[in-house]
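These are my notebook entries on a two-chain model. I set out what I looked up and what I found.

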Amino acid sequence: MKRTKGFSGSHGGNKERKRTMFLFTLPMMVLYIVFFLVTMFIGLFYSFTDWNGISKSYNMVGIKNYLAVLSDSRFRKALLFNIKYTVAIVIGVTLVALICALALNSVKRFSTFFRSVYFVPAVLSMITVGLIWNELFLRAIPQFGASIGNKSLSSSILANPKLAVVGILIVNLWQGRAQPMVLFLAGLQSIPKDLQEAATMDGAGRWARFCHITMPYLLPTINIVVITQTKAGLTIFDYIKVMTNGGPAQATEAVGLLIYRHAVAEGKFSRSIAESMVLFVIVAIVAALSLKASGKSQVGE
Amino acid sequence: MNKSKSNIAIKAVCYIFLFVGLLVILYPLFLTVITAFKTPTQSAENFFSLPTGFYLGNFKGVFERGNAASSFANSIKVTVTSVLLIIIIIPMCGYAIARNMEQSKYYSIIYYTLLIGIFVPFQVIMVPLVMYLGRMNLCSITGLIIMHVTLASSQGVYLMVNYVKSVPRDLEEAAYIDGCTTFTGYLKVVLPLIKPMLATILVLNVLWIWNDFQMPLLLLNQSPEMFTLPLFQYNFTGQYSNDYNLAFASFLLSMVPVLVVYACAQKHIISGLTQGAVKS
């Protein structure tokens with residue numbers, strides 16, 4: 001890079017600035033194009049072929065993979081699992097995070113201590129948390145069940161096709177409520193104190209204040225939490241991979257895991273990409289809402 | 001009188017709730033710690049009992065049987081290198097976009113192109129990625145670092161562009177008039193101003209990369225010598241599923257570094273994660 005001295009005139013400075021600014025964007029753009037966009041387009045291309053990931057030749061098959069995906073009962077079952085899971089986790093995380101935030105916000109003593117502990121799960125890896133709970137479900141809870149004479153607790157709930165999803169939800173909730181909780185806390189702290197006091201003076205009860213003052217202030221945050229949790233629920237992978245690996249009997253096979261299995265274990269390479277593109281469309285709609293909502297909340301601030 | 005009584009009642013309910021919550025959060029972690037220090041016989045007798053002494057055999061076992069040490073080193077290598085690159089490359093790009101996207105088409109085009117990444121779930125590139133990187137011989141630590149930096153771009157640039165826009169131009173302009181080049185102006189004037197957002201991006205990415213499982217699983221699962229910690233734990237637990245005290249020792253080993261960092265930089269971590277979630 002040649003240095004252009006400031007006093008050499010604004011024209012030279014401008015030229016130097018334009019060049020430097022362009023160079024500033026270059027490393028990121030090269031990486032992004034070579035490793036992200038190209039990868040995505042390669043995927044898009046192969047989703048129109050019948051390639052199995054190994055063989056030397058393949059044929060163009062048009063939208064056959066997409067039709068197969070949409071009529072595949074395994075895929076539909078996985079998608080249904082994701083939708084149910086997402087609904088449960090969105091409601092669960094939002095409620096628990098909100099309740100924790102409200103409780104933390106209304107105590108003064110030890111509040112810093114409570115806050116730091118309540119946030120801890122957010123910094124741990126989903127893998128560690130999932131694996132720890134795996135062992136707890138397998139060893140601790142049955143032992144606990146035996147000691148109180150409860151037989152239904154004698155085996156891991158993760159081994160039960162009907163209850164496995166509950167186990168995953170518990171773990172997801174245990175960890176996933178931590179980050180939304182601090183968002184809610186920040187929202188609660190943005191409520192002007194005098195507004196609360198004025199309402200109390202006017203004789204507004206606790207519930208009325210919650211509905212008419214607290215909730216309107218929290219709405220943008222609730223919006224964000226709902227949307228980020230929806231995205232997380234639709235693309236869930238880590239917990240399921242380590243806790244049930246989709247089992248028992250495919251009861252917890254989420255779309256993310258199905259794609260992974262089709263590609264890595266079952267040689268349905270092009271098919272799995274078509275599945276991921278369908279997931280893309282669903283998530284893109286959610287993510288578009290997310291950008292809109294976060295734009296709104298910034299205006300709200 | 002009545003009011004203050006109900007206030008006290010509510011406070012009491014809050015404290016009870018918070019205390020129960022505390023147990024729910026800490027008890028699994030507590031069990032992890034005690035199990036890691038117990039012998040298999042002790043654990044088999046009673047999972048919940050306290051260890052009778054500081055038995056370190058499990059930790060020894062983890063280091064002897066698995067490649068725990070090399071996985072730890074790999075995780076550090078991957079996280080430090082990726083994050084260094086991220087906090088060099090992303091602010092430069094974000095700054096250039098924020099200052100030029102109104103005047104120049106190029107910058108607004110790359111901005112919106114980068115934003116596409118926010119909409120794309122990882123699963124979309126997951127499958128072709130393995131094949132594509134495999135052909136370039138990049139199913140390795142280097143490939144993992146490249147992908148972390150690449151996938152950090154969308155959110156990072158988005159956060160940075162919005163932040164830089166809120167920083168007034170006056171100071172940089174003054175520096176340019178004083179004879180600074182764009183690069184030295186960026187280094188001496190702009191970077192100090194955008195430090196808070198740098199901290200946010202740093203925290204977000206350290207946690208993501210240190211804890212990431214999906215990408216190492218895809219790229220490195222064939223080569224144990226390249227494992228990162230999450231991948232090591234996953235494979236180790238699968239391999240020694242009967243000797244679960246070992247597994248708990250490995251969980252503890254991988255949690256301690258993050259918890260130490262959390263204890264030291266709690267404020268930054270919480271505010272970083274908060275801002276990242278609000279704006280991504």
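Which domains does the domain assignment of chain B give? I found domain 1 (1–54) and domain 2 (68–276), with bounds that come from an automatic or database domain assignment.

Entry 1, conventions. I note that this is a predicted model, in which local features need pLDDT of at least 70, side-chain atom pairs count only at pLDDT 80 or more, and totals for chains, interfaces and linings use all residues. Residues are numbered from 1 along each chain as its sequence is written, while chains are lettered from A and ligands numbered from 1 in the order in which they are written.

Entry 2, the domains of chain B. I looked up the separation of the centres of domain 1 and domain 2 of chain B, taken over C-alpha atoms, and recorded 34 Å. Their contact takes eight residues from domain 1 of chain B and six from domain 2 of chain B; two residues are in contact if their C-beta atoms, placed from the backbone, lie within 7 Å. On the domain 1 side, helix 1 (2–36) and helix 2 (40–45) of chain B each give two or more residues. Helices (H or I, at least four residues) and strands (E, at least two) are DSSP runs, numbered from the N terminus. Helix 1 of chain B has the largest share of that side, four residues. By class, I listed the domain 1 side as three nonpolar, four polar and one charged. Here Ala, Val, Leu, Ile, Met, Phe, Trp, Tyr, Cys and Pro count as nonpolar, Asp, Glu, Lys and Arg as charged, and the others, Gly among them, as polar.

I recorded 79 residues from chain A and 76 residues from chain B. On the chain A side, helix 1 (residues 10–46) of chain A gives the most, with 19 residues. That side divides into 51 nonpolar, 21 polar and seven charged residues.

I examined helix 5 (residues 126–147) of chain A and helix 13 (residues 244–264) of chain B, whose axes lie 10 Å apart at an angle of about 150 degrees. Axes are lines fitted to C-alpha atoms, for helices over the stretch in contact, and angles run from 0 to 180 degrees between N-to-C directions. I therefore class helix 5 of chain A as roughly antiparallel to helix 13 of chain B (under 35 degrees counts as roughly parallel, over 145 as roughly antiparallel, 65 to 115 as roughly perpendicular and the rest as oblique). Among the residues that make the contact are A:Glu135 and A:Arg139 of helix 5 of chain A, and B:Phe248 and B:Phe251 of helix 13 of chain B. By class, this contact has seven nonpolar, two polar and two charged residues.
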